[in-house]
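Please walk me through this model, one site at a time.

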Amino acid sequence: MVKGKFDSKVESFAQLTADNRLKIWDVATASASADYTPEGKLASELTALAWGLGATPSSGSKKKKSKRAAEVVAVGTVRGDVLLWDCARNEVQATLGGEGTEQTSRVNDLAFSASGSELFVCTSDGAVTCWHVASGVVSWRLQTGKQPAHRLTAHAGGDLLVTGATTIKVWDLATRASSRKLTGHASAVTGLCFSADGSLLFSSSADRFINVWDFAPDAASTAALRVFTLDAVPTHLAVAPAPEEEEGEAAVRLLAVSEAGGVGVWQFKSPSPKQR
């Protein structure tokens, strides 16, 4: 199964390969702009990745640490390390977690905050750790419950985090308390993502179903708005507005890829306030 994600502009594709490498592809030229294998102290199985745009700490020990905006790929490992790959310099600029920290379990998923200043990491011990990216310091940790989160995603509003085990939980980042639970999957969640405006949440699961959840501020229902299914377990979800000429009333296009290679594409309209 290919583990990979596009950057926000769909100009680059980051991939974790079967032989444990991070490869970054230039979409326009179909050529690899980076090809990295962790070695030495950083040698470990790569498990998850996320794109971000934020300040990364300099790796120099004697030089003054610089805090600069850069496109970054965060890569999780089986032993809890997170490698911050600096796309401008084509190198690991910093590491978070791992030996000597509280984060020493397998990284299941990662997500940057909307500002890029924070990185959320869910691990197999049931914890979610929030790292301040520029300083490399832990801001907070929470436990998700009896089941560890397999996936997580941050809301663009900056105030909510969503984690998915079998049950999907919504966390208020101000209080770090679970404010909402969404039930509807019978198996482990394999994907989570928001629509561009943050009004819809999409979740996929090993039960082959993809659920669409109302995430508008005035949404009251906890039932899925729509349910789609694929030929096999969904491994990738992507959401975009429908083409302008087809858009009509806030139409959304959902693409899902299964582990069997099947692809599903759906287009539908977001619910109006009267329909909620």
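**A serine and its surroundings**

Leaving aside residues up to four places away in sequence, serine 199 touches Trp213, Asp214, Phe215 and Ala216. The model is predicted. Serine 199 sits in the loop between β17 (189-194) and β18 (200-205). Its relative accessible area is 12%. Buried means under 20%, so serine 199 counts as buried. Its side chain also makes a polar contact of 2.8 Å with the side chain of aspartate 197.

One of the residues that serine 199 touches is Phe215. The face of phenylalanine 215 has arginine 180 over it, 5.2 Å from the ring centre.

**The aromatic rings**

A pair of aromatic rings is described by the distance of the centres and the angle of the planes. The structure holds seven aromatic pairs. One of them joins phenylalanine 202 and phenylalanine 268. Their centres are 6.3 Å apart, with 55° between the planes, and the pair is tilted. The pair links distant parts of the chain. Phenylalanine 202 belongs to strand β18, phenylalanine 268 to strand β23 (residues 263-269), and 66 residues separate them. Both are buried.

Phenylalanine 228 and tryptophan 266 form a stacked pair, because their ring centres lie 4.7 Å apart and their planes meet at 20°; planes under 30 degrees apart count as stacked. This pair too links distant parts of the chain: phenylalanine 228 is in strand β20 (residues 226-229), tryptophan 266 in strand β23, 38 residues apart. Phenylalanine 228 and tryptophan 266 are both buried.

The two pairs come together. Phe202, Phe228, Trp266 and Phe268 make up one aromatic cluster.

Notes: Residues are numbered from 1 along each chain as its sequence is written. This is a predicted model: local features need pLDDT of at least 70, side-chain atom pairs count only at pLDDT 80 or more; totals for chains, interfaces and linings use all residues. Side-chain values use heavy atoms; hydrogens and water are left out. Helices (H or I, at least four residues) and strands (E, at least two) are DSSP runs, numbered from the N terminus. Buried means under 20% relative accessible area, exposed over 50%, partly exposed in between (1.4 Å probe, protein chains only). A polar contact is a pair of N or O atoms within 3.5 Å; within protein, one must be able to donate a hydrogen and the other to accept it, and residues adjacent in sequence count only if both atoms are side-chain atoms. Contact means heavy atoms within 4.5 Å. Rings of Phe, Tyr and Trp (its six-membered ring) pair if their centres lie within 6.5 Å; planes under 30 degrees apart count as stacked, over 60 as edge-to-face and the rest as tilted. A charge sits over a ring if NZ of Lys or CZ of Arg is within 6 Å of the ring centre and within 35 degrees of the ring normal.
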